[in-house]
Amino acid sequence: MSSIKNVLYFQSGLGVLANMFLLFFYIFIILGHRPKPMDLILCQFSFVHIIMFLTAGDIWLSDLFESLNIENDFICKATFYTGRVMRGLSMCITCLLGVFQAVTISPSTSLLAKFKHKLKKYIIYAVFYIWFLNFSINSHMIIYVGGFNNVSETNQMRITKTCSHFPMNNIIKELILTVITLKDVFLVGVMLTTSIYMVIILYRHQRQCKHLHSIRHLRASPEKKATQTILLLLVFFVVMYWVDLIISSTSVLLWRYDPVILTVQKFVVNVYPTITPLVQISSDKRIINVLKNLWLKCHQTV
């Protein structure tokens, strides 16, 4: 169990450092240069993933709260509510990335082409909406999650050593489950649809390139590289989402959380925000150039 915990700490440390690097990079780009609409999305993406790691159960933020002698019930509500909101935002922003890229690479004859010129405006509206949606849809966590109470232990589902999920009315439970399921199914559906659309667009472009020069140009195209990166993130998210869903559903149906299963679930949840910044760093030319310049400066000083 301790070895799994060490892996979890290493994963969290790597994820936080990589996302912090990206967050500072995108803030610098947004404030100092002319940012692309994609930079605004990716900046939020990094911020959301940092908060996800900090509120991941009993890893970091809860330890800080405990050291400050803050009431356990508040710690549980704050960390689990914030963590759930961030997970929802991560899903929504991933979906938004897919939609954004699908519109960006759409041909001028397609229906999506008319949204290209107003894309930045629509993104700002979409961002406000998804933040409001996730803060609202997860508000039940404030009521039904709290400090573990030995008095009514049989009615609680323990989710960490000190926190538990309280029982709720069946109608409320079914209503919340229905709303969250519909939201998740819709977002996953949009991700799959945009992924298939982008694959079709790339395939058509590839077929239209008859000359060798055109093929080389397509391979070097920033749009193609960006599309491939986002496709990779979309597919990876959907896979990790289903793995997490299977673990969560099993635990809810049994109304118990085994410590080992909980730790494995944390690892699964954190895989996506750990891999995402590494994929972004390796695929963004601007970041690669910055790292190369830093590397050269370090060697010159030595």
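Hi everyone, let me start with the record: UniProt, in an unreviewed entry, places the feature "transmembrane region" at residues 6-28, 40-61, 88-110, 122-145, 185-205 and 226-243. Those positions are in the numbering used here, feature names are shortened, and annotations may be inferred rather than shown by experiment.

A quick word on the model. It is a predicted one, where local features need pLDDT of at least 70 and side-chain atom pairs count only at pLDDT 80 or more, while totals for chains, interfaces and linings use all residues. Residues are numbered from 1 along each chain as its sequence is written, and side-chain values use heavy atoms, with hydrogens and water left out.

Now, what do two of those regions look like in the model? Residues 88-110 are 78% helix and 0% strand, with end C-alpha atoms 30 Å apart. Residues 226-243 are 100% helix and 0% strand, and here the end C-alpha atoms lie 26 Å apart.

Stepping back, the protein has 11 helices and 3 strands. Helices (H or I, at least four residues) and strands (E, at least two) are DSSP runs, numbered from the N terminus. Along the sequence the pattern reads α-α-α-α-α-α-β-β-β-α-α-α-α-α. Of the 302 residues, 44% are buried; buried means under 20% relative accessible area, exposed over 50%, and partly exposed in between, using a 1.4 Å probe and protein chains only.

Let's look at one helix. H10 covers residues 259-283, which is 25 residues, and reaches 37 Å from its first C-alpha to its last, close to the 36 Å expected at 1.5 Å a residue. That expected span is 1.5 Å times one less than the number of residues. Where does H10 have a kink? At asparagine 270, shortly before proline 273, and the kink is about 30°. The bend is the angle between axes fitted to the seven residues ending at a residue and the seven starting there.

On to the aromatic rings. The structure holds 8 aromatic pairs. Rings of Phe, Tyr and Trp (its six-membered ring) pair if their centres lie within 6.5 Å; planes under 30 degrees apart are stacked, over 60 edge-to-face, and the rest tilted. Take tyrosine 81 and phenylalanine 135: their ring centres are 6.3 Å apart and their planes are at 50°, so this pair is tilted. Tyrosine 81 lies in helix H4 (residues 72-105) and phenylalanine 135 in helix H5 (residues 119-137), so the pair ties together parts that are 54 residues apart in sequence. Tyrosine 81 is buried at 15% relative accessible area, whereas phenylalanine 135 is partly exposed at 36%.

The rings of tyrosine 241 and tryptophan 242 have centres 5.6 Å apart and planes at 75°, so that pair is edge-to-face. Tyrosine 241 is buried at 14%, while tryptophan 242 is partly exposed at 44%.

Last stop, the cysteines. How many disulfides does a search of the whole structure find? The search finds 0, a disulfide being a pair of cysteine sulfur atoms within 2.5 Å. For cysteine 95, the nearest cysteine sulfur is that of cysteine 92, 7.1 Å away. Cysteine 95 is buried, with a relative accessible area of 6%, and cysteine 43 is buried too, at 12%.
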